[in-house]
Amino acid sequence: MPDRAKILLVDDREENLIALEAILSSLDLVPVRARSGEEALKALLNTEFALILLDVRMPGMDGFETAAHIKRRERTRNIPIIFLTVADSAPDYAFRGYAAGAVDYLTKPFDPWVLRAKVSVFAELYNMHKRLAEQAAMLRERLGHELPAGVGDQGAVLPELSRRLTAVEDELARVRELAGKSKDQSLSAPLTDLADRVTQLRAGFDALS
């Protein structure tokens with residue numbers, strides 16, 4: 001079983017962090033707190049996150065500057081970021097958020113169900129990427145050490161790999177259906193990328209079989 005997805009919560013106010021944790025408490029994930037942009041960057045050095053919920057207004061390094069640092073790092077540039085800010089923010093905040101690489105931008109007070117649903121989908125996408133990487137590693141190993149028919153354990157390995165790949169395909173179809181119902185355009189790009197990877201993996205497996 002994969003490790004539970006970790007979500008980085010970045011906000012300088014304790015009450016906001018408590019509220020976010022309460023909203024996400026029903027999801028099977030691990031929230032990690034950061035009280036500043038600097039703390040967030042430190043947390044990202046050693047921990048892999050599925051998603052970052054990033055407050056825009058923070059003293060010192062604000063959300064936009066923090067996001068810029070995250071996107072410049074090779075290790076963290078692909079982590080989805082959802083910006084959170086108050087409703088009376090400057091009119092260009094949403095534009096600046098998307099320009100900084102955010103996948104979404106929500107104003108406070110936001111609908112807890114909407115935030116929970118968005119986080120849930122991104123966490124599922126993260127877990128699917130992890131499982132897909134494991135299947136791809138198995139396939140690469142099998143392709144690199146292919147045994148003649150009837151020799152060794154290839155006959156046992158291939159059915160198991162096929163079963164796991166089919167499970168990934170089924171889960172991808174379910175997540176795409178869920179995303180379609182939500183009409184959330186921010187999910188289109190990561191879902192398309194994941195679907196392409198699954199297709200490539202299936203093609204490689206079919207060639208091996």
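User: Ok, what's the secondary structure of the protein chain?
Analyst: This is a predicted model, and its protein chain has seven helices and five strands. Along the sequence the pattern reads β-α-β-α-β-α-β-α-β-α-α-α.

User: And how do the strands line up in the sheet?
Analyst: The sheet is open, with five strands in the order β2-β1-β3-β4-β5, and the pairing is parallel. At the edges stand β2 (29–34) and β5 (104–108); each has a single partner strand, so one side of each lacks a neighbour in the sheet. From one strand to the next, the twist averages 20 degrees.

User: Which helices pack on it?
Analyst: Helix α2 (residues 37–46) is one of them: α2 touches β1, β2 and β3, and its direction makes about 160 degrees with that of β1. Another is α3, which touches β3 and β4, with a direction at about 175 degrees to that of β4.

User: Let's zoom in on β3. Is it buried or exposed?
Analyst: Buried. Five of the five residues of β3 (residues 51–55) are buried, so the strand is largely enclosed by the rest of the structure.

User: Which strands does β3 pair with?
Analyst: Strand β1 (residues 5–10) pairs with β3 in the parallel sense over four bridges. Strand β4 (residues 81–86) also runs parallel to β3, and four bridges join the two.

User: What's the handedness of the unit made by β3, α3 and β4?
Analyst: Right-handed: β3, helix α3 (residues 63–72) and β4 form a β-α-β unit of that hand.

User: Switching topic. How many residues are in the largest nonpolar core?
Analyst: The largest one has 32 residues, and Ile7, Leu24, Leu53, Leu115 and Val119 are those with the most contacts inside it. The elements giving two or more residues to this core are β1, α1 (14–24), β3, β4, α5 (112–144), α6 (154–182) and α7 (188–208).

User: Which element gives the largest share?
Analyst: That's α5, with nine residues.

User: What about a second core?
Analyst: There's a separate one of 22 residues, and Ala40, Ile52, Ala100 and Tyr105 are among its members.

User: Back to α1 then. Which residues are buried there?
Analyst: Leu17, Leu20, Ile23 and Leu24 are buried in α1. They span an arc of only 125 degrees around the axis, which puts them on the same side of α1.

User: Last bit, the whole chain. What percentage is buried?
Analyst: Of the 209 residues in the protein chain, 44% are buried.

Methods. Residues numbered from 1 in each chain as written. Predicted model: local features only at pLDDT ≥ 70, side-chain atom pairs only at ≥ 80, totals over all residues. Heavy atoms only, no water. Buried < 20%, exposed > 50% of the residue type's maximum accessible area, 1.4 Å probe, protein only. Pairing = 2+ DSSP bridges. Right-handed = clockwise from strand over helix to strand, strands pointing away. Axes fitted to C-alpha atoms, helices over the stretch in contact; angles between N-to-C directions. Contact = heavy atoms within 4.5 Å. Core = buried A, V, L, I, M, F, W, Y, C linked by side-chain atoms within 4.5 Å. Arc of directions from axis to C-beta.
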